[in-house]
Amino acid sequence: MTSPTSDLLRVLQQRGFLHQCTDMEALDARAGKGRITAYTGFDATADSLHVGHLLPIMMLRWMQKTGHRPIALMGGGTTKVGDPSGKDESRRLLSSDDIAANIASIEKTFARFLTFGDGASDAIMANNAEWLDRLEYIPFLRDVGRHFTINRMLSFDSVKLRLDREQPLTFLEFNYMILQAYDFVELARRYDCSLQSGGSDQWGNIVNGVDLGRRIAGVDLFGLTCPLLTTASGAKMGKTAAGAVWLSPDRLSPYDYWQFWRNTEDADVGRFLKLFTELPLDEIDRLAALGGAEINEAKKVLATEATALAHGREAAEESATTAHSAFVQGQAAEGLPTIDMPRSELEAGIVAFQLLRMTGLVASNGEARRLIQQGGAKLNDSRLDDGERMVGLGDLNEDGIIKLSAGKKRHALVRAV
């Protein structure tokens, strides 16, 4: 289908979210007739979601903005099993207390992207532990398990990948797709939910839920996926050398989050503006058309708008101002990652490569030495050529701060206390 008539699918198509749908025309007709309820599931394997989760989160946001009701389903039950999709090995099993703590933390992120309440289009926060924890094993196998054939389950990529690589797939994980399918049916019963959305790696699990709804509840359900993003250079979206790009400010500061988006490759700017901001499409086209050094202005807009969604407008503007001070004006600015160092330690002096590691700019002493040897380290904006150099009180500026840099775009401050 090339021209959706519903506001929901039209917006999702124009901004690049649509990848697969179980029945696009029927879903378009349903969405055009009135409000629908849609959900996406998120397992609580950590205390924060990351940039890799942003596409399905933004899909839920656009659903709400076009008048529909989103459900953010927390996997309090399924996290105890572990989704094998895209994994070569079993996930670490978490305790119920760990899962509950992770969910409490993740809920704060959703409060930024969705409006929760009792209105017709207000979002719902649900937890599949409410029904999965109460299932009785034998009745569940009889009522639900009989609709799944081993033949078909073995055909799904999440299973084939593990088996093809001769990696073990536990019976616990093998049941994950059945539980996710059951989630869809349960949400349809409780909330009249008719649409499940997610990343394209969830396609098999989503289709299972659509089929199960028809078999045991006699309801017409829909599945919709967004693409799994890679950057123009082929790298997985949301991964850096330092690890995952977390959405929680407790895991990653708003400034570092801003910097992640500021470092977007030129070829990705237009696409990411459509997916991760709410700027009008004509303004995005204008920004994406900028060439040469001007594309950096578009990257700053992307960084500020994406950070405003995740952390609020004030934090986004502060991050942009801090970046301007540090990189354009060449000044050490408040807001950069900062560590406090006792004056007594600086009086004795600290070896330069060790101080680079202590600030978090590098992960190890060896990485620090390599960075210095390659000419990528700076001390107070001057190239650091000797990794054994002692850094001390004499390197403090008038504000009592030492600035360290790894490359052109990553900086940290050491403050004497």
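Q: How many disulfides does a search of the whole structure find?
A: Happy to start with the sulfurs. A disulfide here is a pair of cysteine sulfur atoms within 2.5 Å. By that cut-off, the number of disulfides found in the whole structure is zero.

Q: Which cysteine sulfur is nearest to that of Cys-193?
A: Cys-193 takes part in no disulfide. Its relative accessible area is 1%, so Cys-193 is buried (buried is under 20% relative accessible area, exposed over 50%, partly exposed in between, with a 1.4 Å probe and protein chains only). The nearest cysteine sulfur lies 14 Å away and belongs to Cys-21.

Q: How far from Cys-226 is the nearest cysteine sulfur?
A: Cys-226 is also in no disulfide, and this residue is buried, with a relative accessible area of 1%. The nearest sulfur is that of Cys-21, at 13 Å.

A word on the model: it is predicted, so local features need pLDDT of at least 70 and side-chain atom pairs pLDDT 80 or more, while totals for chains, interfaces and linings use all residues. Residues are numbered from 1 along each chain as its sequence is written, and side-chain values use heavy atoms, leaving out hydrogens and water.

Q: Which parts of the chain does the pair of Tyr-39 and Phe-184 tie together?
A: Rings of Phe, Tyr and Trp (its six-membered ring) pair if their centres lie within 6.5 Å; planes under 30 degrees apart are stacked, over 60 edge-to-face, the rest tilted. Tyr-39 and Phe-184 are edge-to-face, with 5.5 Å between centres and 65 degrees between planes, and both residues are buried. Helices (H or I, at least four residues) and strands (E, at least two) are DSSP runs numbered from the N terminus. The pair joins parts 145 residues apart in sequence, because Phe-184 lies in helix α10 and Tyr-39 in strand β2.

Q: Over which ring does the charged end of Arg-251 sit?
A: A charge sits over a ring if NZ of Lys or CZ of Arg is within 6 Å of the ring centre and within 35 degrees of the ring normal. For Arg-251 the distance to the centre is 4.0 Å, and the ring is that of Trp-246.

Q: Is Asp-192 buried or exposed?
A: Asp-192 sits in the loop between α10 (176-191) and β5 (193-199). Although not a glycine, Asp-192 has a positive phi of about 60 degrees. With a relative accessible area of 61%, Asp-192 is exposed.
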